[in-house]
Amino acid sequence: PYGTFVNVDTTTLPGLQRAASLGLVPSRTAEVIFSPYIHESSILFDSTYRGRLFTILRDPIDRIVSLYHYQKPLKFGEVMALSEFALLNDNWQVRMLSGEMSAEITVDHLNVAKEMLRRKFLVGLLEEKTESLQRFTSYFGWSLTSPEAQNCKNSKFYFEWAGSNEYPMLDYSNPADQEVLQVIGKQNRFDIELYKYAVKLFEEQQSLFRANEESDVI
């Protein structure tokens, strides 16, 4: 990939501890930090060195169906049906944002997750991938003008999207698929509500970039 990298692994808890002990953020050696540990990664920042979270969210039903077909040959072959797999996936996005990884999810957790998105995140949507990247680039002041940067962006963001896979879509008119959709929807009703809220935030955050768009036109 194009660019420079820092020798710390922020995708693990020990890696986050090491990055904090090395003063990763104050050193200003990294412009972007990736981590699945939303709350735990706060140890990297303080009142002087603050950060802004950004993410690309996906429709929860599409995400679970895609994850099933992605993991199917890797973990459980032909043994587990999609309807069974769906029962193992319970509002993962709300859990990550609210910090509740074990107890039953409630409306209170959903509200915490919504507030996290509203206050902390620049929201992108997978179905609006190009617009999302344009917003990230504008907000953070990334420069992707060189041929190398453009090739890296196009390769990783479009042609070699990490974890992408082709799979058969569910048929909403098929009774069997309808049952699967009901299972996924019931198990992830709070994630579905969170995604609806994220779509609303995505539309609202357009105002952050409208001034730049108008100045470009002028």
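## Briefing: loops, a helix and a charged patch

Asn91 sits in the loop that links helix H4 (82-87) to helix H5 (92-98). Helices here are DSSP runs of H or I with at least four residues, strands are runs of E with at least two, and both are numbered from the N terminus. This is a predicted model, where local features need pLDDT of at least 70 and side-chain atom pairs count only at pLDDT 80 or more, while totals for chains, interfaces and linings use all residues. Residues are numbered from 1 along each chain as its sequence is written, and side-chain values use heavy atoms, with hydrogens and water left out.

**Overall layout**
- The protein chain has eleven helices and two strands, in the order α-α-β-α-α-α-α-β-α-α-α-α-α along the sequence.
- Its C-alpha trace spans about 55 × 45 × 35 Å along the principal axes.
- Of the 218 residues in the protein chain, 33% are buried (buried is under 20% relative accessible area, exposed is over 50%, partly exposed is in between, with a 1.4 Å probe and protein chains only).

**Loop residues**
- Back to Asn91: its phi is positive, about 50°, although it is not a glycine, and it counts as buried because its relative accessibility is 2%.
- Arg28, in the loop between helix H2 (24-27) and S1, also isn't a glycine and has a positive phi, near 60°. Arg28 comes out as exposed because its relative accessibility is 66%.
- For background, most residues other than glycine have a negative phi.
- Asp59 is in the loop between strand S1 (53-57) and helix H3 (60-76), and counts as partly exposed at 25% relative accessibility.
- Asp59 and Tyr195 are 136 residues apart in sequence, yet their C-alpha atoms are 6.4 Å apart in space.

**Helix H7**
- H7 (residues 129-140) has twelve residues and should span 16 Å at 1.5 Å a residue, which agrees with the 16 Å between its end C-alpha atoms; the expected span is 1.5 Å times one less than the number of residues.
- Buried residues in H7 are Lys129, Glu131, Ser132, Leu133, Arg135, Phe136 and Thr137.

**Positive patch**
- Arg50, Arg52, Arg119 and Lys120 gather in a patch of positive charge on the surface (patch residues have over 30% relative accessible area and no salt bridge, with like charges joined within 9 Å; a salt bridge is a side-chain nitrogen of Lys or Arg within 4 Å of a carboxyl oxygen of Asp or Glu).
- Lys120 belongs to helix H6 (residues 107-120) and, at 37% relative accessibility, counts as partly exposed.

Technical notes. Patches are made of residues with over 30% relative accessible area and no salt bridge: like charges are joined within 9 Å, nonpolar side chains (Val, Leu, Ile, Met, Phe, Trp, Tyr) within 5 Å. Accessible areas come from the Shrake-Rupley method with a 1.4 Å probe; for residues, only the protein chains shown count as cover. Lys and Arg count as positive and Asp and Glu as negative; His and the chain ends are not counted. The place of a charge is taken as NZ of Lys, CZ of Arg, CG of Asp or CD of Glu.
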